[in-house]
Amino acid sequence: MSSQLTRRVIACLDVRDGVVVKGVNFEGLVNAGDPAALAARYAAEGADELVMLDISATIEGRRAMVDTIRRIAEQLSVPLTVGGGIRSLDDARAAFDAGADKIAVNSAALATPELITAIAGRYGSQAAVVAIDAKWDGGRAMVFGRSGTSASAREAVEWAREVESRGAGEILLTSIDRDGTRQGFDCALTAAVSGAVNIPVIASGGAGGRDHFADVFMRGHADAALAASIFHFADTSIPALKQWLSLQGLPMRITTPKDGAC
Amino acid sequence: MSATVALVDYGAGNLTSVMRGLRRAGIDPVIATSPAALADAAGIVVPGVGHFSATASIDDEWRKALLSRVAAGVPLLGICLGMQWLFEGSTESPGLPGLALARGLCQSMNEIGTQFAELSPDLIAFKVPHLGWNRLKPPWGCIEIGTQFGELSPDLNSDSRLLAGVEPGAFAYFAHSFAAPVGPETVATTTHGATFASVIERDNVFGTQFHPELSSETGAAIFANFARVVRR
């Protein structure tokens, strides 16, 4: 047994102006509830980590975000990653001070790759996550910034290698093609990036059922898999998902329910 | 009654979650930015993330203050890099001494792992950093996944005060690239490529390679046990 490290299931909260929302292909948002209440529920159900992405459209929304981070962190004793709108070391500091354990940078890292090194230098590599949003263009997976609206000239695998060399401790890889579609994770994209770097890769975008998680762990070589809508709308419960993945032979953190019902 | 515990702040990382975790265990953490702040502390926590060289900012005055408090019986808990620093040193920063409260040198997990590469190439199929949830095992014997942990013993290690009530195979959250060797102070081990010391304990000196503040119920139990030791 080379490692007993488990595969992680991560619940994601896309937060806009204080409420959790979810869209399809980065558009068409619906309200899914209170971020702190959802975070508490997912942590109690055995989510291995929480990710909160700030997709606020307004300055007021952004200002409220520190308060939202604090409210979420208060509920948690598992890691919390915060992303969205982090443009500087000062933005990162505000999020860390409010209770984030890791920061995910995306557009700002594309514009200023030195920001990755700055965050890793001050807070440690394990706290510096780079979010990569990728979309296939012919045979090439290209990186996009600004919530999937701004094409960059970079290829996902090449950018993943660069962010690793700049000190990133983890990659949050989202397939724009699959995001919100529930058609399954992009295993080809995930396997290409995971095989190119030695840091963990979190697969995101497209989770629709438990077999999609098994696929992305086994075929996509993902270290962790992230989902939002299938958990928010309660089609898939985290404990049942993790139990099932464990039965497929994947190492999972299975916790006993606290009420002793097991 | 809450006990005052000094949280050593030497600029390595973010203390928010550690503070929250300690408070939940009934500990009143006070951030210590100078050695003088240790004088009244009933307990000391050395947190830490990042590179071993970050501990260089803990200068001679800090070292003397920490060692004298430990010698006076004050409980000390090192977390992650804070635990590695309790050893004699680390190959991450050769020449930079640790506190030498535990024996051995910390090494890169790649170095430790590749010692096994000749035996089987499969054994090196692991990523470094070791990041995520892994199991705590007793320092003796070799327990693999699938064993009914609870049937072996109710406690991971009944000799450890820090691990009271923690079950064998309990999960904890790790984030590190260097690791400490298994030695006489080891009270729990974890396997990632190779097996390393994940919890150490000797008298009033304690260390966890993982982050109790991010380790859900396992972490809460460990902070509660540390709080109990501090109050005694």
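This passage walks through a predicted model, from its chain-to-chain contact to a few local features. Residues are numbered from 1 along each chain as its sequence is written, with chains lettered from A and ligands numbered from 1 in the order in which they are written. Since the model is predicted, local features need pLDDT of at least 70 and side-chain atom pairs count only at pLDDT 80 or more, while totals for chains, interfaces and linings use all residues.

Chain A brings 28 residues to the contact and chain B brings 32 residues (two residues are in contact if their C-beta atoms, placed from the backbone, lie within 7 Å). The chain A side that touches chain B splits into ten nonpolar, eleven polar and seven charged residues; here Ala, Val, Leu, Ile, Met, Phe, Trp, Tyr, Cys and Pro count as nonpolar, Asp, Glu, Lys and Arg as charged, and the others, Gly among them, as polar.

As for chain B itself, six helices and twelve strands turn up (DSSP runs numbered from the N terminus, H or I of at least four residues for helices, E of at least two for strands). Of its 232 residues, 53% are buried, meaning that 20 or more other C-beta atoms lie within 10 Å of a residue's own; 12 or fewer makes a residue exposed, and anything in between partly exposed, with C-beta atoms placed from the backbone. Among contacts in chain B with a separation of 6 or more, 69% link residues 24 or more positions apart.

Back in chain A, strand S5 (residues 80-83) sits between two parallel partners: four bridges tie S4(A) (residues 49-54) to S5(A), and three bridges tie S5(A) to S6(A) (residues 102-105). Strands count as paired if DSSP finds at least two bridges between them. Leu53(A) has Gly83(A) as its bridge partner, and Thr81(A) stands opposite Lys102(A). From S5(A) the chain crosses through helix H3(A) (residues 89-98) to S6(A) in a right-handed β-α-β crossover, that is, clockwise from the first strand over the helix to the second with the strands pointing away from the viewer. In a regular strand, side chains alternate between the two faces of the sheet. In S5(A), Leu80(A) and Val82(A) point one way, Thr81(A) and Gly83(A) the other, and all are buried.

Helix H7(A) (residues 187-196) has buried residues including Cys187(A), Leu189(A) and Val193(A). The buried residues of H7(A) pack against several elements of chain A, among them strand S7 (128-137) and helix H8 (210-218).

Arg166(A) lies in the loop between H6 and S10 of chain A and counts as partly exposed because it has 19 C-beta neighbours inside 10 Å. Its C-alpha atom is 7.6 Å from that of Pro113(A), 53 residues apart along the chain.
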